[in-house]
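Below are some notes on a strand and a helix pair, for you to check against the model on your screen.

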Amino acid sequence: MAPPHPTGKRKAGEAPISPPPLKRSLQSTTTKSAVANFFTPTSQKPKDRTTWSDRGPNDDVPATLLVGRYVPEAHDGKQTPRRKIAAFDLDSTLITTSSGKKHGSNATDWKWWHPRVPGMLQDLYRKKDYQVVILSNQAGLALHFEPSYKGPRANAQKRVNEFKQKCSAILNSLDIPTTVYAATERDIYRKPRTGMWKEVCEDYDIPESEVDLEQSFFVGDAGGRIAGLGHSGQGVAAVAKDFSCSDRNFACNVGITYKTPEEYFLGEKPREFSRDFDVTTFPFDETSLSSDKAEIAFEKKNAQEVVIFCGPPGAGKSTFFWNYLKPLGYERVNQDILKSRDKCIQVAREQLAQGISVAVDNTNADIETRALWVEVAKTAKVPIRCVWFKTPIHLCEHNDAVRAHNKSLNPEARQVLPKLAFTGFASRYKQPQLKEGFQDIVEIDFKFRGTKEEHAMWAQYWT
């Protein structure tokens, strides 16, 4: 069962896209002339045929997905939807900067990634019956501003306008019915999450179950390729590793073929790649539900005690408490709920004074923080134990994203954590040791614990 994903809806009155056949000769695909259209007098410009809208994951949050739909002058709105989808990333896949800079300096700072690009996309639509779409992560764009936002709003709005101008020039140059989707936040739309794909299927009136997944494909530069040797205009040269594996993981989530730009446009052989975290190494274990509690082997060793957790955010600490410590009579102390360490210590002391055992469900990354709890236990004259969650950071980031984007796995309605939450833990972390004053240390290795339906949600790529 595929995990549910919230998707934004088209605005009222916005008709579904039915890709029309091309009824006139293609205009020149020369980038200069296409871009120049934006800087000629209005009376001399051709009509800009790209219409823009924005969407949100649901009605309760601001829009985060920018959508630009291009329809050529001649079109037939009654055409049968195409069930083969050719999806492409934008930057470093379809285009690159003409200036040579890493990021474009303005709306005109672009050129085709390779001269073959526009013709191959046009052939996909005109000759091979594909629906062509562009799916791009654009975290540098801001479609709305939080009340606390203090940056220069004019500059942010300028970036959005320049992105629209650039995309309009690209789509005008291609002159085939297509849509560009730009995910501006780290939400359900951002690749490798599948929110943009669901929007494509809805916009083009193709039920997800009816997409021709065997022939559909996605092309993008974020393939997790490791550093090595590649081809350049001067022959073989060293090539850097990819900045992420998000495009490859997106295609895996959707269930379609993935290719890099070099493989698709230039016919190069695939390069070796790697993932920081591979969900296939954690298959669903049918026996886990029945054997899990015996496997954990956690027991209460004292009439009253303090148990502190040590592990990154997203390591499964809270789930562990509810499944294994709460039934044994422990009361939970958690800084996310109580908001400060001092308040946590105060509440723990009150519980201990009443003869109740306490579980400290915080990260407790460093020796100094754990020493505070050792002192609390010492003052209350009870033993203190440590449960050490040995979950790797990249796996914790995955767990955090799964939790934040799936309500059924998020009973406390936690928001996705910033990257700093994980890097901050890593910078402070010291492995717990008995000499700190613990009676014992219980080590917990990560294992998916849940139903088959929950595993279907968890076992996609989310980061």
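**Notes on the model**

1. Strand β7 (residues 178–183) is mostly covered, with six of its six residues buried. Buried here means under 20% relative accessible area with a 1.4 Å probe, protein chains only. Strands are DSSP E runs of at least two residues and helices are H or I runs of at least four, numbered from the N terminus.

2. This is a predicted model, in which local features need pLDDT of at least 70, side-chain atom pairs count only at pLDDT 80 or more, and totals for chains, interfaces and linings use all residues. Residues are numbered from 1 along each chain as its sequence is written, and side-chain values use heavy atoms, leaving out hydrogens and water.

3. From β7, T178, V180 and A182 point one way, while T179, Y181 and A183 point the other way; all are buried.

4. β7 pairs with strand β2 (residues 65–70) in the antiparallel sense over six bridges; pairing requires at least two DSSP bridges. A182 of β7 stands opposite L66. Strand β6 (residues 131–137) runs parallel to β7 and is joined to it by five bridges. L135 has Y181 in β7 as its bridge partner.

5. The axes of helix α12 (residues 393–405) and helix α13 (residues 419–428) come within 11 Å and cross at roughly 150°. α12 is therefore roughly antiparallel to α13 (an angle over 145 degrees, on a scale from 0 to 180 degrees between N-to-C directions, with axes fitted to C-alpha atoms over the stretch in contact).

6. I393, C396, E397 and D400 in α12 meet K419, F422 and F425 in α13, contact being heavy atoms within 4.5 Å. The residues of this contact divide into four nonpolar, no polar and three charged.

Terms used: Angles under 35 degrees count as roughly parallel, over 145 as roughly antiparallel, 65 to 115 as roughly perpendicular and the rest as oblique. Ala, Val, Leu, Ile, Met, Phe, Trp, Tyr, Cys and Pro count as nonpolar, Asp, Glu, Lys and Arg as charged, and the others, Gly among them, as polar. Buried means under 20% relative accessible area, exposed over 50%, partly exposed in between (1.4 Å probe, protein chains only).
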